[in-house]
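Colleague: I want to go through this model term by term. Show me the structure, then tell me what each label rests on.

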Amino acid sequence: MSLQMITVSNNIALIQPGFSLMNFDGQVFFFGQKGWPKRSCPTGVFHFDVKHNHLKLKPALFSKDSCYLPPLRYPATCIFRSSLESEKHQYIIHGGKTPNNELSDKIYVMSIAGKNSKKVTFRCTEKDLVGDVPEARYGHSIDVVYSRGKSIGVLFGGRSYIPSSQRTTEKWNSVADCLPHVFLVDFEFGCSTSYILPELQDGLSFHVSIARNDTIYILGGHSLANNTRPANLYRIKVDLPLGSPAVNCTVLPGGISVSSAILTQTNNDEFVIVGGYQLENQKRMVCNIVSFEDNKIEIREMETPDWTPDLKHSKIWFGSNMGNGTVLLGIPGDNKQATSDTFYFYMLKCAEDNVNEDQKTLTNSQTSTEDPGDSTPFEDSEEFCFSAEAYSFDGDDEFDTYNEDDEEDESETGYWITCCPTCDVDINTWVPFYSTELNKPAMIYCSHGDGHWVHAQCMDLAEDTLIHLSEGSNKYYCNEHVKIARALQTPKRVLPLKKPPLKSLHKKGSGKIFTPAKKSFLRRLFD
C-alpha cells in the first residue's frame, strides 16, 4: 500500500463529504457537489484527472436527451451490467441529499453516450418505480446480483427524515433509521418489492456491502436507534427462478465494527476496507482484506499504510473508491489560517501497479461516506461544526470563478445556455427559480428543428404549466419559434359566409319596403 498527497488545481471547494466517484474504462468522474451546479461545470459532473499527484477537475457534458441530475450527496451507487460477461457497464444512482437538504427517492442510470480525446458525454435517464417504492433516503447501499442469467438490484439500509406528522420546527431535519427491509428492484421493468427478513432487526446506515454473483454481504454499519456500530456480517442470497424471487439471510461470524468505510477491489476475489469510524469521534485506522474462496468469506487485518501525522490527528476523514484498488481520502484543513485550503487530499493505492488490468474489476458497493454531523451526538464537537453550513460556497471561492476550460462547450451543456435573444438569466448568480428544480431544472425543451432548451423564467411559464409540460409528451415551442410552428400546421377549413339574397331584404309580414338607400347600406354591410 502506498499513500501520496495530491494537490487540487481548481474547484477544490467542490470536494466535500458525501461525494461519489464513478469509473468508466479507467477514467474517474466526480459527482455530488454540495451546491447547485454553476458556471464552472453546469452539469455538476467532473472528470477526475490525476497526473503526477496533481488533480484537475474538468467539466463533463450530458447529451441533449438526458434528464436533469441533481448534485446528490450521500447517494447509493453501484455498477450495472447486462450480464456478468458484459464489458460495458452503467452506474445506478439512488437517493441522496439535494443542496436544499431534501432527500431524493429517484433512481438515475448513468451511461456514456459518446467520448473523444478531450471530453466524455454522458446520458442520464430517470427510472420510475412501481410497487413497494423505497422511501427517500441517504447513507444506504444498492447492489446488483446475477442469478440464472438474470439480474436485479438489492437496496438496503439508510436514513430518512422522521415522518412529517412528527416533524416540528426544532426537529425538522431530524433523521431516523429506515426500516430493515430489503428491496429488490428490477431496472428493466421498474418493479420494486420489499422483503422482511427476521435476521435483520435494525436499520443500518453507512455500512459496507459487497456483491458476489447472487449474494450480497453486509458488514458493519451504524444504528441511530441505539447509537452503536455492531460487528455485523450478513449474507443475503437472492435466487431468480421463473416465478417469484427467493431471498434469504444468514448471520455469519467474524464481522467488524465500522461505519463509513470505503471499499475498493484489488482483484477478482479480494477487496480492501479502508477508513471509517469505530466510535462516535474515533477514526478506524485499521485496514482489512476481504477475500473469497469457495463461496466462503474471510476478513483479516492487513498492514496499514504509513499514515501521515495530519491523517492520524484529524478527527474526521472522508473519501470514495476510485476503482482499480485506489481510494481518495480527504481531511479538513487548518481553518485557523485564512489562506489554508478547505481540505487536504491523499490517494491510497491498495493494489500494485503491475496487476493485470483485467483483474481490476470494480466493486458493486456503497462508497458514500457518513455525514459527520450524523455520527456524533455532541453538538459542540468538531465533527458537528465541520458538517454544518459553515463551509457552504460564497462568492470569493473558486467555485464561482470563471473557468475557461468549459467556455468552448458552454453552449452544449444545456443548463447555462442563452435560450433566447431576451434571456436575462445571470449565469453567475443563478439560483433555483421554481420549486420543481429540486428534481428538474426550470427549463423546457423547444421542439422546433433539432430542439433546444429554454428557461421557463424567460418564457413566462407558470410553475403549474411547467409541471404539466414536463410530465407529458406534448411538444412545446418557445416564444421565438411558436409562430413558425403554427405556420407548419395545416389550417382548419373555414366555411365561407353565406350572403343573404336580395329578396331577404324585404321583411316578411312587416308590410314595409326598404328604400333604395337602405338597400344600398345593407348590401355594403353584408358584402
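Modeller: Start with the elements. Helices (H or I, at least four residues) and strands (E, at least two) are DSSP runs, numbered from the N terminus. On that basis the protein has 5 helices and 32 strands. This is a predicted model: local features need pLDDT of at least 70, side-chain atom pairs count only at pLDDT 80 or more, and totals for chains, interfaces and linings use all residues. Residues are numbered from 1 along each chain as its sequence is written, and side-chain values use heavy atoms, without hydrogens or water.

Colleague: Where does H452 lie?

Modeller: H452 is in strand β32, which covers residues 452-455.

Colleague: Why is H452 called partly exposed?

Modeller: Buried means under 20% relative accessible area, exposed over 50%, and partly exposed in between (1.4 Å probe, protein chains only). H452 has 22% relative accessibility, so it counts as partly exposed.

Colleague: And H481, buried or exposed?

Modeller: Buried: its relative accessibility is 13%. H481 is found in the loop between α3 (463-471) and α4 (482-488).

Colleague: Which residues does H452 touch?

Modeller: Contact means heavy atoms within 4.5 Å. Not counting residues up to four places away in sequence, H452 touches C419, I444, Y445, C446, C478 and H481. With neighbours within four places left aside, H481 is in contact with C446, H448 and H452.

Colleague: Why does C419 count as buried?

Modeller: C419 has 6% relative accessibility, so it counts as buried. The residue sits in the loop between α2 (382-387) and β31 (443-446). Beyond four places in sequence, its contacts are H452, W453, V454, H455, C458 and M459. C458 is in the loop between β32 and α3. At 12% relative accessibility, C458 counts as buried.

Colleague: What makes β6 and β7 edge strands?

Modeller: First, the pairing rule: two strands pair if DSSP finds at least two bridges between them. Here 5 strands form an open, mixed sheet in the order β6-β10-β9-β8-β7. β6 (61-62) and β7 (76-80) each have a single partner strand, so one side of each is left without a neighbour in the sheet.

Colleague: In what sense do β8 and β9 pair?

Modeller: Antiparallel: β8 (residues 90-94) and β9 (residues 107-115) share 4 bridges. H94 stands opposite I107 in β9.

Colleague: How many bridges link β11 and β17?

Modeller: 2 bridges, in the parallel sense, between β11 (residues 130-131) and β17 (residues 191-196). V130 stands opposite C191 there. β17 also pairs with β16 (residues 181-186), antiparallel over 6 bridges. In β17, T193 is the bridge partner of L184. The β16-β17 hairpin has 4 residues between the strands, and G190 takes a positive phi near 75 degrees.

Colleague: Why is Y277 called buried?

Modeller: Y277 has 1% relative accessibility, so it counts as buried. Y277 lies in strand β24 (residues 277-279). S260 is 17 residues from Y277 in sequence and 6.5 Å away, C-alpha to C-alpha.

Colleague: What is the mean pLDDT of the protein?

Modeller: pLDDT is the predictor's confidence in each residue, from 0 to 100. The mean is 78, and 73% of residues reach 70 or more. Over residues 354-416 the pLDDT is below 50, although this stretch has 178 contacts in the model beyond near neighbours in sequence. Residues 435-441 also stay under 50, with 23 contacts beyond four places in sequence. Where pLDDT is low, the predicted coordinates should not be read in detail.
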